[in-house]
Amino acid sequence: MLGGIFSFHSSWKDRQDSYVQRPQPLQCTSLNFRGFQFAQAMVFAIEEINNSTSLLPGLSLGYKIHDSCGSIARGVRVALALANGDVDSPLEKLCTRPAQVQAIVGETSSSPCMAIATTIGPFRIPLISHFATCACLSDKVKYPSFLRTIPSDYYQSRALAQLVKHFGWTWVGAIRTNDDYGNNGMATFTETARRLGICLEYSVSFFRTDPPHKIQKIIDVIKGSTSKVIVTFLSHMDLDVLIHQLSHHNLTGYQWVGTEAWIFDSQTAALDQSHILNGALGLSIPKAHIGGMREFILDVKRLNSSGDDNTFRQFWEILFNCQLERTNSSSANQRECSGLEDLSGVQNSFTDMSLMPIFNNVYKAVYAVAHALHAILNCNTKCDTRVQLEPFTILHHMKKILFRTKEGDEVYFDENGDPAAKYEIINWQPIENGTVKFVTVGLYDATADKRLNLHNKSLVWAKNSLQVPVSVCSEKCLPGTRKVLQKDKPICCYDCARCAEGEFSNTTDSVTCTRCHPEFWSNERRDSCTRKEAQFLSYEEVMGALLTAASLLGLCSTAAVACLFFKYRKTPIVRANNSELSFLLLLSLTLCFLCSLTFIGRPTVWSCMLRHTAFGITFVLCISCVLGKTVVVLMAFRSTLPDSHVMKWFGPLQQRLSVLVFTLIQVVICVLWLVIAPPFPFKNFEEFKDQILLECAMGSAAGFWAVLGYIGILAMLCFVLAFLARKLPDNFNEAKLITFSMLIFSAVWITFIPAYVSSPGKFSVAVEIFAILASSFGLLICIFIPKCYIILMQPEKNTKKSIRSKGTVKSL
């Protein structure tokens, strides 16, 4: 014996209990043709099984079907009646045994199912629902005996959220039925939507029995909203009430997204006379066809033996718009029923077979019980009727069943008592006669890797538009900008701020801007990074070319002086003050001019090590030669005094050794610098925002300052000695020239320090080159040019006689 609980009525009369007498039975109203269709589907499956020779051979299934009126309280009452074997029940086939049902098919809604499952759960009587989708019913701790042949809203809610995300709707409204189905389904949708970056502008609930002022509040919320998409978790009965009110206010142009409760309901489409729902999109149970079921459901005469004459009379009279028995209160315009009417010319919700997928769920629920019984009774050619049937045994076997219906549908239950979640995506598309066609535009399969698949079909949207509607709180942020949340607003409401310099965003609606790699810089649009220009002093640019020309000029000038001195090497002015030191000084100046060229061009490992060490060594060699000449001048003057033997300690050999020793000290300092922490090429990203400064890092600052300090010490010593010798006789007046050259040298390098520090980028390198060239030219001009002038322009002065005429000196 199977039990059935369906809503043959959709509402009931309110009553005021006085609590001083026993409450009267619930008085049901609003006949619901769907309940009759579900009951017919159940009876069809039972009769098909009873006529089968392969399933439950030798046994017949009976049924007891009750009307719950959609009431939770009445649903619990009839469930207990079925569990206890109460024979005083309407709408049942007359059967002598057994009194207690082995399983119950129903109810249609989630809230009654929760109450019924809680009530019969301790007895382990299976309750198989064909349309209760609340995810909460998957909790086997609370509802251990509940099973269903329709997928859980756990999947539907997530599928809706992914569907909304697919079309880029991030700002939506939400309306739900104020029951377990609507509240739980919307809660799951809201949670999933939040993770996908979708915001709800509003979320309101109502129930079809709510007073008009509450529904009016919902209308006002919709009117005051900016979102153009409305996601619903509504039963078809609640939506019918809402559509009626929306039509009065002409609230068209909204994109409706719905669930299986109404998205393929032709009755709801027929009620939508104002085309509020045109273009609606949603999920539905996959289409189904069961051979013979349509004809069976439409054979209404068999309902006459249901056992509840009053219910059948209401059904017949409303179905055929007539009256079976005339009474005084009967309308004069209403014809009398003959009881032989047929449905061939009738078009109403009962003859509508669009709910065949739900009928199929009822069909599968009955077959699931039959297959479990088949396994328990060890049916082969005959069933073992001696086996004691217990509800918990049936429940246990039902959880393990796996079979295919005659149409090829696979039926099984997972650990939560749910079937596999598969949905069709339905689009409401108007056709010529003003009606709506339910077009399948995609599929959602929770068992597949790619769950959401939309077919390449044209969709119709709100107001019959072919363009996807836009429903966002803020327009998309283009590449080059980032989102900035608006104060006290959801995350979907934001402003678009331009990325800062050195940052970029290359995607739409970027949350943050990404900082460019140090070698790159953001472009003007801030949507990508371009490589920074490498900045260094090159030969190609004007400043580099001028400094190169100056270096080559100094090199040529020094070479010319050297050639001139070599040609006139026998003359007194060249031989004075040690001609070897003069030639060595010219060589060192040549190296100084060449050294400046190492500072021009892209820095490399070798050029960085060479430029500073070569500079340090050549300048020490240069200063050492000048220092040697200064000392010779002083010692030569002293050697003219009586009994002076100083010059024997400052002969040519000692002068060469002094230059060598002074230079070797600098060489040792440079070698230590290169060994411990040598200079190296360095990319400076801090100096300029949009350029890379290629420079040579010092490596060891101590080594660098040791090189400069040693040059400074020698230069100061040379300056002091030359200053002391500045008033010697004219034939030794080279001390004055050295004094001037050291003044220029010192002035150049003292002013070099602040100029070098304050110069940006490659200009600091140019300052360093300028200091090298200026000090080198200073030495060349101050020491050698006056002698060249005498050699070329006043040769008469370049004679021994001319020199002796100014004083008696000892030849050098």
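Reply: In this predicted model, the sulfur of Cys-563 has its closest cysteine sulfur in Cys-556, 10 Å away, which is too far for a bond. Cys-563 is exposed, because its relative accessible area is 53%. Cys-788 likewise takes part in no disulfide, the nearest cysteine sulfur being that of Cys-563, at 11 Å. With a relative accessibility of 8%, however, Cys-788 counts as buried.

The structure also holds ten disulfides, and three of them are described here. One joins Cys-199 to Cys-492, with an S to S distance of 2.1 Å. This pair links distant parts of the chain, 293 residues apart: Cys-199 belongs to strand S9 (residues 199-206), whereas Cys-492 lies in the loop between strand S18 (481-485) and strand S19 (494-498). The link is right-handed, with 85 degrees about the S-S bond. Cys-199 is buried at 6% relative accessibility, and Cys-492 is buried at 4%.

A second disulfide is formed by Cys-379 and Cys-383, whose sulfur atoms are 1.9 Å apart. Its link is right-handed, with 115 degrees about the S-S bond. Cys-379 is buried, with a relative accessible area of 11%, as is Cys-383, at 7% relative accessibility.

Cys-499 lies in the loop between S19 and strand S20 (503-504), and Cys-513 in the loop between S20 and strand S21 (514-515), so the pair ties together parts 14 residues apart in sequence. Both Cys-499 and Cys-513 are buried.

Note on methods. Residues are numbered from 1 along each chain as its sequence is written. This is a predicted model: local features need pLDDT of at least 70, side-chain atom pairs count only at pLDDT 80 or more; totals for chains, interfaces and linings use all residues. Side-chain values use heavy atoms; hydrogens and water are left out. A disulfide is a pair of cysteine sulfur atoms within 2.5 Å. Helices (H or I, at least four residues) and strands (E, at least two) are DSSP runs, numbered from the N terminus. Buried means under 20% relative accessible area, exposed over 50%, partly exposed in between (1.4 Å probe, protein chains only).
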